[in-house]
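This briefing covers a predicted model.

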Amino acid sequence: MAAIEMKNIVKRYGDGFPAVNDISIDVADGEFLILVGPSGCGKSTLLRMIVGLEDITDGDMMIGGKRVNDLAPRDRNLAMVFQNYALYPHLTVYENIAFPLRLAGASDSEVDEKVREASKTLDLDEHLDRKPGNLSGGQRQRVAMGRAIVREAEAFLFDEPLSNLDAKLRGQMRTEISRLQKRLGITTVYVTHDQTEAMTLGDRVAVLKRGILQQLASPRELYENPANLFVAGFIGSPPMNFVPAKVDGDYVELPFGKVRMPSDKIATAQGKGLLIAGIRPEHFEDASVVDSDKLTDETTFDAQVDVVEWLGNEAYAYVPFEAPPEVQEQLTQLEKDLDGESMRTQLVISLDGASRISEGDTATIWVDARKIHLFDPATGDNLTLDAEHAGIVPGAEAAARAEEVGKEQDAVQS
Ligand SMILES: Nc1ncnc2c1ncn2[C@@H]1O[C@H](COP(=O)(O)OP(=O)(O)OP(=O)(O)O)[C@@H](O)[C@H]1O
Ligand SMILES: [Mg+2]
């Protein structure tokens, strides 16, 4: 096992397009690191540069303290598990796992020892004599991982390994991979564009946008302290609400009314004109089900509820609002960057299942003002960021570079 250090890694494809743009990430020995971001942001490219399937244009790729830029894939001793596991259909599970050992000319007794050890870890003992064609998707995946395990690779690399499984199996496999990675303690880099996988699997998550690292932090830090609008909009489901906001002393003026925020939190956002407030659906509540001691400090407003979806344990209420053009423009761009999936000029509020709010009501809504984020609409930066609990944020310079690349890209396309 080994640590992986990426130092200022750049990948330019033949047409000059920077698919990976100056990315530096240290993966600790035994760490589970996730690369996440919308389609085309450079995740697979970065992973393929770690394994050696793609040339590195610039920067240093270090594995176990050794520079591997010029090493062939087979000399890097990494195990890659793809979306299609490429098992040999005519070989038994046993022989599929044994394959790399046979190739290396290992003795029968060594093969047997290693295959049985891997099969025990993976719960495949009863399937060793079967053929891959008779196994479930999850079992097949475990066989593929068994093959990686017997090689005693320095690290596991996964590229969207669950994307072709159905939702239920994906959930099971997610837990399985997580459990296995912990048991083996093997350094792992895992690519996904699914934010749920990113949040549940990773020790740390690297969020990429157009080949540029936006933030590298634990799932909790990303959720509670997103560095910018992009990360805030990407992490969380249903996504964070974005609404126009103006700061006035300790108050923030939202389309629905004024709310008082903690002075220390709002301090950095003073005198900045029109801002974008980011508030997660679960940081609202029906005021009538909130403890009265929370309601004292001017944190409620009245809103006209348009639609209510009741799910039993909770309900979603929708509240439409108007956004001025400056904010609307930024939100439209954001939707594009995120491979847009939601309408952003309605507020989504998650209510307790006990709430009696129904469609058409004017309801009193409480907002947890400590959890409101304020973003600069021009740069997307989170002005209320608690930098101490935000992991690594490459900084404004990186964000500006992403903008430049975006413009280059638009120019190429038009
Ligand atoms: N062989 C290639 N030649 C030129 N450009 C490429 C090549 N492979 C990828 N790209 C470009 O590099 C960028 C990053 O591609 P990459 O496959 O790394 O994205 P990704 O994040 O893995 O996306 P997805 O989620 O769709 O798999 C894309 O804009 C893509 O068009
Ligand atoms: Mg990919």
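Ligand 1 is surrounded by 13 residues, and the closest are Tyr-13, Ala-19, Ser-39, Ser-44 and Thr-45. Helix α1, residues 43-51, supplies the largest share of this shell, with 3 residues. By class, the shell around ligand 1 holds 4 nonpolar, 7 polar and 2 charged residues.

**The sheet β2-β1-β4-β5**

- An open sheet is formed by 4 strands in the order β2-β1-β4-β5, and the pairing is antiparallel.
- At its edges are β2 and β5 (66-67), each of which pairs on one side only.
- Helix α1 packs on this sheet and touches β1, β2 and β4. The direction of α1 makes about 120° with that of β1.
- Strand β1 (residues 4-12) is joined to strand β2 (residues 18-27) by 6 bridges in the antiparallel sense.
- The strands β1 and β2 form a hairpin with 5 residues between them. Within the turn, Gly-16 has a positive phi of about 85°.
- Strand β1 also pairs with strand β4 (residues 58-63), again in the antiparallel sense, over 5 bridges. In this pairing, Glu-5 stands opposite Met-62 of β4.

**The sheet β17-β18-β19**

- A further open sheet has 3 strands in the order β17-β18-β19, with antiparallel pairing.
- Strands β17 (307-310) and β19 (346-352) stand at the edges; each has a single partner strand, so one side of each lacks a neighbour in the sheet.
- On average, neighbouring strands of this sheet are turned by 20° against each other, direction ignored.
- Strand β17 is joined to strand β18 (residues 314-320) by 4 bridges, and the two run antiparallel.
- Tyr-318 in β18 is the bridge partner of Val-307.

**Packing of α2 with α3**

- Two packed helices are described by the angle between their axes and the distance between the axes.
- Helix α2 (residues 93-103) and helix α3 (residues 108-121) have axes that come within 10 Å and cross at roughly 130°.
- This angle makes α2 oblique to α3.
- The crossing in which α2 passes α3 is right-handed.
- On the α2 side, the contact is made by Tyr-94, Ile-97, Ala-98, Leu-101 and Arg-102. On the α3 side, Glu-110, Val-111, Lys-114, Val-115, Ala-118 and Ser-119 take part.
- The residues of this contact of α2 with α3 divide into 7 nonpolar, 1 polar and 3 charged.

**Packing of α2 with α4**

- Helix α2 also packs with α4, at an angle of about 30° and with the axes 8 Å apart.
- An angle under 35 degrees counts as roughly parallel, and α2 and α4 are therefore roughly parallel to each other.
- Helix α2 passes α4 in a right-handed crossing.
- From α2, the contact takes Val-93, Asn-96, Ile-97, Phe-99, Pro-100 and Leu-101. From α4, the contributors are Val-143, Gly-146, Arg-147 and Val-150.
- By class, the contact of α2 with α4 consists of 7 nonpolar, 2 polar and 1 charged residues.

**Packing of α4 with α5**

- Helix α4 (residues 137-150) and helix α5 (residues 167-184) pack at about 20°, and their axes are 10 Å apart.
- That angle makes α4 roughly parallel to α5.
- The crossing of α4 past α5 is right-handed.
- The α4 residues in this contact are Gly-137, Gly-138, Gln-141, Met-145 and Ile-149. The α5 residues are Leu-169, Gln-172, Met-173, Glu-176, Leu-180 and Leu-184.
- The contact of α4 with α5 divides into 6 nonpolar, 4 polar and 1 charged residues.

How values were computed: Residues numbered from 1 in each chain as written. Chains lettered and ligands numbered in written order. Predicted model: local features only at pLDDT ≥ 70, side-chain atom pairs only at ≥ 80, totals over all residues. Near = placed C-beta within 6 Å. Nonpolar A, V, L, I, M, F, W, Y, C, P; charged D, E, K, R; others polar. Axes fitted to C-alpha atoms, helices over the stretch in contact; angles between N-to-C directions. Parallel < 35°, antiparallel > 145°, perpendicular 65-115°, else oblique. Left-handed = near helix turned anticlockwise from the far one by under 90°. Contact = placed C-beta atoms within 7 Å. Pairing = 2+ DSSP bridges.
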